[in-house]
Amino acid sequence: MALEEIALAFWFLLPAYAANPVAVVFGGGTPIDFGRSLRDGHRVLGDGKTWRGLAGGVASGLLLGILLTLLGSFLSPRLAFGDWPGVLPVLVILPVGALLGDLAGAFVKRRLGKARGERAPGLDQYDFLLGTFLFLLLLERDWWLLRYWTGDAIFGLAFIILITPALHRVVNVIGYRWGHKREPW
Ligand code: CTP
Ligand code: MG
């Protein structure tokens, strides 16, 4: 049923969705680009992308993935991310893809001359999701196809694409109110 597909599509992406908000909480300190700029005069990535944010986001996303894998395999076979330990690459890719997608987004924003935190509609909302899906397609193609493409799974993909901007917005407003984020987007 489509509703179940939608819930599953969301469930398997939780470690990817969690990675960036955690990076916001853990972030700060040395920027990933070490303050360097490219020849266009703009920073490679900017001060909004830090090693601490990257490490915290990857670690917590991986931890969440492991917990959900354990929980899922207890609750229902459909909720299982995969068999241990073969599923480990997927659990790594989910947060790593999300954070590298976010870094790629920042790289593009700087090339467009946009300052840290300046809006880039589309890019801000989807960069992490594109990163996750791209890495899964490259490295764990069958895992991705089964859960986001084959048969009714496509409903799940459609839902994810539709809901992600709203979800992004809600999480960022919460981060802003709690004082973790400088802008509510
Ligand atoms: N953050 C971090 N390291 C990361 C990602 C995020 O330290 N790899 C922290 C930074 O403090 C950043 C905040 O989370 O300012 C919000 O993240 P985001 O909205 O992605 O960055 P912006 O500040 O908006 O910068 P950009 O314009 O480059 O997207
Ligand atoms: Mg931002």
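Predicted model: local features only at pLDDT ≥ 70, side-chain atom pairs only at ≥ 80, totals over all residues.
In what hand does α1 cross α3? The crossing is right-handed.

**α1 against α3**

Helix α1 covers residues 2–26 and helix α3 covers residues 88–111; their axes run 8 Å apart at an angle of about 50°. That makes the pair oblique. On the α1 side, the contact uses F12, L13, P15, A16, A19, N20 and A23. From α3 come L94, P95, A98, L99 and D102. Sorted by class, that contact has 10 nonpolar residues, one polar and one charged.

**α1 against α2**

Now turn to helix α2, residues 51–75, which packs on α1 at about 150° with the axes 7 Å apart. An angle over 145 degrees counts as roughly antiparallel, so α1 and α2 are described that way. This crossing is right-handed. α1 brings W11, L14, P15, A18, A19, V22, A23 and F26 to the contact. The α2 side includes a run of glycines, among them G53, G56, G57, G61, G65 and G72, along with residues such as R52, S60, L64, L68 and L71. The class count here is 11 nonpolar, seven polar and one charged. P15, A19 and A23 of α1 show up in the contact with α3 and in the contact with α2.

**α3 against α4**

Helix α4 spans residues 123–139, and its axis lies 7 Å from that of α3 at an angle of about 135°. That makes α3 oblique to α4. Once again the crossing is right-handed. α3 contributes V90, I93, L94, G97, A98, L100, G101, D102, G105, V108 and K109. α4 answers with L123, D124, D127, F128, G131, T132, F135, L136 and L139. This contact splits into 11 nonpolar, five polar and four charged residues.

**Around ligand 1**

Which residues come nearest to ligand 1? Of the 17 around it, they are K49, T50, R116, G117 and K181.

| Residue | Distance from its polar side-chain atom to an oxygen atom of ligand 1 |
|---|---|
| K49 | 2.6 Å |
| K109 | 2.8 Å |
| D102 | 3.5 Å |

Two of these names have come up already: D102 and K109 belong to the α3 side of the contact with α4. D102 is also part of the contact of α3 with α1.

Most residues other than glycine have a negative phi, and most peptide bonds are trans. Two spots in this model go the other way. F34 has a positive phi, near 50°, and F34 sits in the loop between α1 and α2. W84 and P85 are joined by a cis peptide bond, with omega about 0°, and P85 is in the loop between α2 and α3.

Back in α2, there is S73 to look at. A polar atom of the S73 side chain lies 3.0 Å from the backbone oxygen of L70. S73 and D83 are 10 residues apart along the chain, and their C-alpha atoms are separated by 8.8 Å.

Note on methods: Residues numbered from 1 in each chain as written. Chains lettered and ligands numbered in written order. Heavy atoms only, no water. Axes fitted to C-alpha atoms, helices over the stretch in contact; angles between N-to-C directions. Helix = DSSP H or I, 4+ residues; strand = E, 2+ residues; numbered from the N terminus. Parallel < 35°, antiparallel > 145°, perpendicular 65-115°, else oblique. Left-handed = near helix turned anticlockwise from the far one by under 90°. Contact = heavy atoms within 4.5 Å. Nonpolar A, V, L, I, M, F, W, Y, C, P; charged D, E, K, R; others polar. Near = heavy atom within 4 Å. Polar contact = N/O pair within 3.5 Å; in protein donor to acceptor, adjacent residues only side chain to side chain.
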